[in-house]
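Please have the sequence and the 3D view at hand.

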Amino acid sequence: HEGDPMAEIEDADTFHASRGNTDWKLLKTPAKSIALFRASDYIAAHYTLKPTLSDAEQERLDSATFILALELSDDRKVPALRATAPIKKSDKEMNGMVNITEYGEKPSDPYPDVTAWLAPLRVSSAPAPFYVGKLSL
(Lines give C-alpha, C1' and ligand atoms only; values in the text may rest on other atoms or scores of the structure.)
Protein backbone atom coordinates (compact mmCIF):
# COMPACT_ATOMS: atom_id res chain seq x y z
CA HIS A 1 0.00 0.00 0.00
CA GLU A 2 3.04 2.29 -0.09
CA GLY A 3 2.17 5.79 -1.25
CA ASP A 4 -1.59 5.20 -1.02
CA PRO A 5 -2.97 7.19 1.93
CA MET A 6 -6.43 5.63 1.65
CA ALA A 7 -4.93 2.14 1.86
CA GLU A 8 -3.01 3.18 4.98
CA ILE A 9 -6.23 4.47 6.55
CA GLU A 10 -7.95 1.18 5.64
CA ASP A 11 -5.09 -0.76 7.26
CA ALA A 12 -5.34 1.42 10.37
CA ASP A 13 -9.12 0.92 10.42
CA THR A 14 -8.63 -2.87 10.29
CA PHE A 15 -5.92 -2.75 12.97
CA HIS A 16 -8.02 -0.71 15.40
CA ALA A 17 -11.26 -2.59 14.69
CA SER A 18 -9.57 -5.93 15.44
CA ARG A 19 -8.46 -4.52 18.80
CA GLY A 20 -11.79 -2.94 19.68
CA ASN A 21 -10.45 0.64 19.58
CA THR A 22 -13.77 2.36 18.93
CA ASP A 23 -12.26 5.86 19.32
CA TRP A 24 -10.49 5.41 15.97
CA LYS A 25 -13.74 4.47 14.25
CA LEU A 26 -15.34 7.72 15.41
CA LEU A 27 -12.71 9.85 13.64
CA LYS A 28 -13.46 11.28 10.20
CA THR A 29 -11.10 10.39 7.33
CA PRO A 30 -9.24 13.78 7.36
CA ALA A 31 -8.58 13.44 11.12
CA LYS A 32 -7.29 9.89 10.60
CA SER A 33 -4.98 11.06 7.83
CA ILE A 34 -3.63 13.89 10.00
CA ALA A 35 -3.11 11.51 12.93
CA LEU A 36 -1.22 9.04 10.71
CA PHE A 37 1.04 11.83 9.43
CA ARG A 38 1.70 13.00 12.99
CA ALA A 39 2.56 9.47 14.10
CA SER A 40 4.86 8.90 11.12
CA ASP A 41 6.54 12.26 11.71
CA TYR A 42 7.02 11.51 15.41
CA ILE A 43 8.55 8.10 14.72
CA ALA A 44 10.86 9.52 12.04
CA ALA A 45 12.00 12.31 14.38
CA HIS A 46 12.55 10.21 17.52
CA TYR A 47 13.65 6.77 16.38
CA THR A 48 16.49 5.69 14.11
CA LEU A 49 15.21 2.56 12.41
CA LYS A 50 16.94 0.02 10.20
CA PRO A 51 17.02 1.19 6.56
CA THR A 52 15.54 -2.09 5.30
CA LEU A 53 12.77 -3.94 7.11
CA SER A 54 11.47 -7.45 6.57
CA ASP A 55 7.73 -7.87 5.97
CA ALA A 56 7.25 -8.78 9.65
CA GLU A 57 9.27 -5.75 10.77
CA GLN A 58 7.30 -3.46 8.44
CA GLU A 59 4.09 -4.83 9.94
CA ARG A 60 5.46 -4.03 13.42
CA LEU A 61 6.31 -0.47 12.32
CA ASP A 62 2.83 -0.05 10.81
CA SER A 63 1.26 -1.30 14.05
CA ALA A 64 3.32 1.15 16.13
CA THR A 65 2.30 3.94 13.74
CA PHE A 66 -1.39 3.02 14.08
CA ILE A 67 -1.15 2.88 17.89
CA LEU A 68 0.57 6.26 18.03
CA ALA A 69 -1.86 7.76 15.48
CA LEU A 70 -4.75 7.03 17.82
CA GLU A 71 -2.85 8.76 20.61
CA LEU A 72 -2.03 11.79 18.44
CA SER A 73 -5.49 12.27 16.94
CA ASP A 74 -7.25 15.57 17.74
CA ASP A 75 -10.15 13.92 19.51
CA ARG A 76 -8.06 12.18 22.16
CA LYS A 77 -8.62 13.92 25.48
CA VAL A 78 -6.89 11.47 27.85
CA PRO A 79 -3.69 10.07 26.38
CA ALA A 80 -3.43 6.33 26.88
CA LEU A 81 0.25 5.97 25.98
CA ARG A 82 1.64 9.25 27.23
CA ALA A 83 3.88 8.80 30.23
CA THR A 84 2.74 10.74 33.28
CA ALA A 85 4.54 11.67 36.45
CA PRO A 86 4.09 8.94 39.03
CA ILE A 87 2.26 9.72 42.25
CA LYS A 88 4.72 9.66 45.14
CA LYS A 89 2.25 10.41 47.90
CA SER A 90 -1.46 11.07 48.23
CA ASP A 91 -3.18 12.28 51.39
CA LYS A 92 -6.61 13.54 52.36
CA GLU A 93 -7.11 16.31 54.86
CA MET A 94 -10.10 18.05 56.43
CA ASN A 95 -12.19 14.89 56.62
CA GLY A 96 -11.44 13.97 53.02
CA MET A 97 -12.45 17.35 51.58
CA VAL A 98 -8.91 18.24 50.42
CA ASN A 99 -6.72 15.88 48.45
CA ILE A 100 -3.00 16.51 48.53
CA THR A 101 -0.97 14.74 45.87
CA GLU A 102 2.80 14.77 45.49
CA TYR A 103 4.16 13.71 42.11
CA GLY A 104 7.51 12.23 41.19
CA GLU A 105 9.60 13.13 38.15
CA LYS A 106 7.98 12.81 34.77
CA PRO A 107 9.60 10.13 32.58
CA SER A 108 11.76 11.41 29.71
CA ASP A 109 10.05 9.17 27.12
CA PRO A 110 6.43 10.27 26.58
CA TYR A 111 5.56 7.07 24.67
CA PRO A 112 7.38 4.18 26.37
CA ASP A 113 5.04 1.57 24.86
CA VAL A 114 5.84 2.79 21.34
CA THR A 115 9.55 2.78 22.17
CA ALA A 116 9.28 -0.81 23.36
CA TRP A 117 7.26 -1.76 20.27
CA LEU A 118 9.92 -0.29 17.97
CA ALA A 119 12.96 -1.58 19.92
CA PRO A 120 13.64 -4.54 17.58
CA LEU A 121 13.57 -2.22 14.55
CA ARG A 122 16.00 0.37 15.87
CA VAL A 123 19.55 0.77 14.67
CA SER A 124 21.96 -0.17 17.42
CA SER A 125 23.61 2.78 19.09
CA ALA A 126 26.63 0.66 19.97
CA PRO A 127 29.71 1.57 17.96
CA ALA A 128 30.78 -0.84 15.26
CA PRO A 129 33.71 -3.03 16.29
CA PHE A 130 37.13 -1.76 15.27
CA TYR A 131 39.79 -4.33 14.63
CA VAL A 132 43.53 -3.74 14.48
CA GLY A 133 45.72 -6.39 12.99
CA LYS A 134 48.66 -7.14 10.77
CA LEU A 135 48.17 -8.63 7.35
CA SER A 136 51.04 -10.79 6.17
CA LEU A 137 51.32 -12.00 2.61
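Is Pro120 buried, partly exposed or exposed?

At a relative accessibility of 44%, Pro120 counts as partly exposed. Here buried means under 20% relative accessible area, exposed over 50%, and partly exposed in between, with a 1.4 Å probe and protein chains only. Pro120 is located in the segment that follows helix 5 (112–118). Helices are DSSP runs (H or I, at least four residues), numbered from the N terminus.

Leaving out residues up to four places away in sequence, Pro120 touches Lys50, Glu57 and Arg60. Contact means heavy atoms within 4.5 Å. Pro120 and Leu61 are 59 residues apart along the chain, and their C-alpha atoms are separated by 9.9 Å.

## Basis of the model

The model is predicted: local features need pLDDT of at least 70, side-chain atom pairs count only at pLDDT 80 or more, and totals for chains, interfaces and linings use all residues. Residues are numbered from 1 along each chain as its sequence is written, and side-chain values use heavy atoms, with hydrogens and water left out.

## Salt bridges

Side chains of opposite charge can pair when their charged atoms come close. A salt bridge is a side-chain nitrogen of Lys or Arg within 4 Å of a carboxyl oxygen of Asp or Glu. By this rule there are two salt bridges.

One joins the side chains of Lys32 and Asp13, at 2.8 Å from N to O. Lys32 belongs to helix 3 (residues 29–46) and Asp13 to helix 1 (residues 5–18), so the pair ties together parts that are 19 residues apart in sequence. Lys32 is buried, with a relative accessible area of 7%, while Asp13 is partly exposed at 28%. Lys50 forms a salt bridge with Glu57, and the closest N and O atoms are 2.5 Å apart. Lys50 is partly exposed, with a relative accessible area of 30%, and Glu57 is buried at 18%.

## The two sides of helix 3

Helix 3 has 18 residues, which at 1.5 Å a residue should span 26 Å; its end C-alpha atoms are 26 Å apart, in agreement. The expected span is 1.5 Å times one less than the number of residues.

Which residues of helix 3 are buried? They are Lys32, Ala35, Leu36, Ala39, Tyr42 and Ile43. These residues cover an arc of only 130 degrees around the axis, which puts them on the same side of helix 3. The arc is that of the directions from the helix axis to the C-beta atoms. On the other side of helix 3, Pro30, Phe37, Asp41, Ala44 and Ala45 are exposed.
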